[in-house]
Amino acid sequence: MSEVVSTGKAGLPVANTATASGAVAAQSEPDMKGWLLKWTNYLKGYQKRWFVLSKGVLSYYRAEHGAGPNAGGRSAGGKLSIRRRRKGPRAESKGSMMQCIRAPSSPTRLNIVPDPKKDRKKNKKNQAEMTHTCRGTISLHGALIHTVDSCTFVISNGGTQTFHIKAANEVERQSWVTALELAKAKAIRAMESDEEEEDTAANIIPSEEFNLVIRELTFKLENVKTCFDLITKHGAVLQRALSELESGEDLTSKTKIVSERATLFRISSNAMINACSDYLKTAQTQGHKWSKMLQHERDKKVSLEEMVEQLARQHSHLEQAAHRHRPNAAASGSDDEDNEFYDAQEEGGSVASQEDSSFILKIPVAHHRRNSNDATGSSSEGEEGNSETQQVLVVTDSLDNMDVTDRISVNSNQALTPIFSNNNQSSRVARRRRTRVPDKPNYPLNLWSIIKNCIGKDLSKIPMPVNFNEPLSMLQRLTEDFEYSEILDKAATCKDTCEQLAYVTAFTVSSYSTTSNRTGKPFNPLLGETYECDRTDDLGWRCINEQVSHHPPMAAQYCEGRGWRCWQEFTMTSKFRGKYIQIVPLGYAHVEFPASGNKFTWRKVTTTVHNIIVGKLWVDNHGDMEIYGEKAAKGVKCHLKYLPYSYFTRDTQRRVKGVAMDSSNQVKWVINGTWDSKIEIAPVTSTSGSAENPVYKTGNYKTAWTSRLPPTDCDKYYNFTLLACQLNEPEPNVAPTDSRLRPDQRLMEEGKWNESNKEKLRLEEKQRARRREREAEAEKSAAEGRPYPPYEPIWFSKQQDEGTDSLVHVFKGTYWDSKAKQEWSKCPDIF
């Protein structure tokens with residue numbers, strides 16, 4: 001069913017013929033192509049598709065399709081063409097196209113009788129075009145390739161596309177997986193070599209490089225001129241010899257002279273050809289390099305222009321806002337309706353004021369159903385998303401009669417104090433933990449020299465110095481999600497499913513409370529790096545994290561607490577745009593309550609860091625979040641909206657509002673607050689209005705979460721909270737891959753930033769060397785026809801998610817037993 005292009009040394013495609021045209025065709029031949037079964041949707045199931053693997057990209061079609069010149073629907077230039085050769089004359093003519101035009105002398109349109117034969121031909125043409133059109137592609141750089149069973153394998157690029165593919169037998173499946181792994185390794189290597197070439201070209205001093213190129217081209221041009229003079233000289237001599245040969249006297253000697261002159265002319269011509277070829281080769285090489293440098297500078301110029309324009313607009317808006325809200329304007333124009341004034345919020349006051357507690361929210365009408373395509377981007381054919389929304393109005397009764405006991409926080413204002421059960425309080429002593437980290441040193445840094453070469457690149461691939469970091473890894477930052485785990489403890493005691501969902505929603509919001517003033521970048525974890533946090537004795541939960549993939553970067557987490565367990569697979573896409581950094585999470589998080597059997601799933605919203613170049617850094621979280629129930633809570637869902645920060649909005653800044661609905665899409669609870677301060681929830685007491693625009697009236701609000709006040713001097717040590725200060729505290733008996741043992745991170749915490757930068761470069765180079773070894777082994781296995789197993793995490797394994805076709809990393813449950821036995825033989829040497 002499938003065919004692989006013949007390969008030579010190192011598994012590279014080679015031509016099967018000795019002709020020049022055959023060599024050109026071989027370069028365009030795909031690495032592999034053939035028929036496979038691809039999962040489309042639940043109605044059609046697996047469908048037969050023609051797959052083509054070429055240049056690190058896997059494409060599929062509905063009909064057999066080539067990848068070389070003039071192969072299966074491609075034009076001579078190698079580009080995809082949707083036109084097919086017609087066997088007969090063209091069905092339509094100019095006359096037929098003009099039949100539907102209004103006649104000049106008649107005020108009415110002509111009635112044209114449709115021609116069934118023409119319609120059939122047109123339909124056949126459209127079907128042919130659809131058949132030979134590429135239905136989808138996926139880039140193998142950063143893709144995850146996983147084998148499900150003997151015939152099925154899955155390809156996912158970590159967030160936008162997923163292909164579920166089934167081969168005819170195990171042999172064919174293994175040949176495809178091997179070819180895909182080899183193509184992935186080549187794509188990664190090619191991209192990194194291009195980036196290194198760009199960095200090298202950008203760092204060369206333009207004047208010296210330009211003078212060097214000019215001298216080289218001048219020298220080669222002089223060689224061409226010399227060869228030209230020789231050709232001119234020997235050509236004139238050969239012409240005279242030929243003229244003498246026409247006289248007819250002494251032909252033998254004259255023929256010998258002509259032969260000698262022709263030999264000299266041929267030698268001069270060959271020298272001219274070689275000199276021209278040498279000059280052309282040098283000019284093309286340098287031209288390619290300089291064109292890339294020119295494009296690089298042009299892109300930076302455009303980005304800087306956009307940045308300056310953005311700053312100018314923001315400055316103008318701020319001036320206008322300051323002019324409208326200045327005190328003298330307020331005193332003189334207090335009755336002017338165009339001026340809006342807002343009362344300052346009291347310290348510790350409720351965000352659920354009479355105005356803020358009533359709001360309008362647009363929620364999707366269609367029920368969210370998570371499947372393999374939805375979890376990582378749709379790859380189905382011909383499916384379109386439903387964007388229909390419903391507008392609901394939430395109003396609140398007068399807050400004067402609110403019960404004060406309803407406004408207590410769920411242990412949120414308490415410090416991180418030990419909590420013991422009665423039966424073991426006397427036998428267990430809580431560990432005394434540190435309350436702060438060393439102060440952040442003040443090291444000077446040339447910011448622009450680093451940023452100008454990073455515009456447009458992926459954030460995880462930029463070699464940033466530790467000056468931009470904070471002394472925590474990304475695995476430790478993920479653990480900070482459980483700083484307010486007492487909300488889940490409260491949710492575990494709820495009997496009502498929608499009320500439990502409201503508390504889970506408050507927990508998802510609380511994970512953003514530390515992002516408002518935390519602008520430091522966490523360390524990117526190394527492949528195989530882990531982090532454990534056992535706070536069972538005082539906080540009632542323990543957590544294990546592992547970096548399970550490097551391309552794309554992906555971390556897996558599992559945490560268990562009092563009556564709940566939570567896990568997530570975190571990956572993201574991030575881009576540095578010059579004036580801001582945008583981080584879009586792609587993985588899903590889950591929480592399950594074993595007592596009730598309720599399970600809830602959500603995906604985090606977008607985080608943006610502003611003012612990278614000019615001004616003070618600030619963070620905003622915005623977007624829509626949908627939390628939906630599974631298992632016993634199936635059909636229950638919550639739609640939550642994070643409003644983007646704006647200088648000119650009537651809403652409270654950093655506002656979050658949402659509703660929790662039951663399986664019949666009836667709103668039962670209302671969520672309202674801010675993601676950096678507090679969240680309040682209220683039950684719905686009555687419903688009015690129409691079905692299209694319902695109005696929900698709520699009862700008294702109660703506080704589900706309130707953020708703890710940070711230490712007064714936290715700005716001296718990276719704005720860490722108390723839990724953040726304790727995350728990197730040295731601890732005995734942890735795994736040798738634990739983030740606490742990472743040397744560059746420890747040196748940064750101790751204030752030794754120069755040594756930390758050197759250690760960071762050493763660790764990154766060590767990781768690249770390990771990856772090159774795996775790629776070399778994969779290429780060797782592919783050349784020998786042997787399967788090469790991909791990297792497998794130690795404490796997590798890939799399994800199919802319950803109820804979907806998605807592959808997720810599931811905790812094996814062996815880490816804590818290995819820690820008790822101090823059995824770390826499986827851990828790699830990464831530090």
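Of the contacts in the protein chain with a separation of 6 or more, 63% link residues 24 or more positions apart. The model is predicted. The protein chain holds 16 helices and 29 strands. Of its 831 residues, 44% are buried.

**Nonpolar cores**

- The largest nonpolar core contains 63 residues. Trp564, Val591, Trp602 and Tyr642 have the most contacts inside it.
- Helix α12, residues 497-510, gives this core its largest share, eight residues.
- A second core is separate and has 20 residues, among them Ile138, Phe153, Ile155 and Leu180.

**Surface**

- The protein chain has an accessible surface of about 43,900 Å². Carbon and sulfur atoms account for 53% of that surface.
- A nonpolar surface patch is formed by Leu318, Tyr645, Tyr647 and Phe648. Together these residues have about 380 Å² of accessible area.
- Tyr645 sits in the loop between β22 (637-642) and β23 (655-661). Its relative accessible area is 30%, so Tyr645 is partly exposed.

**Asn545**

- Asn545 belongs to strand β14, which spans residues 541-549.
- Asn545 counts as buried because its relative accessibility is 0%, and buried means under 20%.
- The side chains of Asn545 and Gln557 are joined by a polar contact of 2.8 Å.
- Setting aside neighbours within four places in sequence, Asn545 contacts Leu475, Leu478, Thr479, Glu529, Thr530, Tyr531, Ala556 and Gln557.

**Thr515**

- Thr515 is placed in the loop between α12 and β12 (521-523).
- With a relative accessible area of 12%, Thr515 is buried.
- The side chain of Thr515 has a polar atom 2.7 Å from the backbone oxygen of Tyr512. The Thr515 side chain also makes a polar contact of 3.1 Å with the side chain of Asn621.
- Not counting residues up to four places away in sequence, Thr515 touches Arg477, Val619, Asn621 and Trp675.
- Thr515 and Trp618 are 103 residues apart along the chain, and their C-alpha atoms are separated by 9.0 Å.

Key: Residues numbered from 1 in each chain as written. Predicted model: local features only at pLDDT ≥ 70, side-chain atom pairs only at ≥ 80, totals over all residues. Heavy atoms only, no water. Helix = DSSP H or I, 4+ residues; strand = E, 2+ residues; numbered from the N terminus. Buried < 20%, exposed > 50% of the residue type's maximum accessible area, 1.4 Å probe, protein only. Polar contact = N/O pair within 3.5 Å; in protein donor to acceptor, adjacent residues only side chain to side chain. Contact = heavy atoms within 4.5 Å. Core = buried A, V, L, I, M, F, W, Y, C linked by side-chain atoms within 4.5 Å. Areas by Shrake-Rupley, 256 points an atom, 1.4 Å probe, with all protein chains shown as cover. Patch = residues over 30% accessible without salt bridge, like charges linked within 9 Å, V, L, I, M, F, W, Y side chains within 5 Å. Salt bridge = Lys/Arg side-chain N within 4 Å of Asp/Glu carboxyl O.
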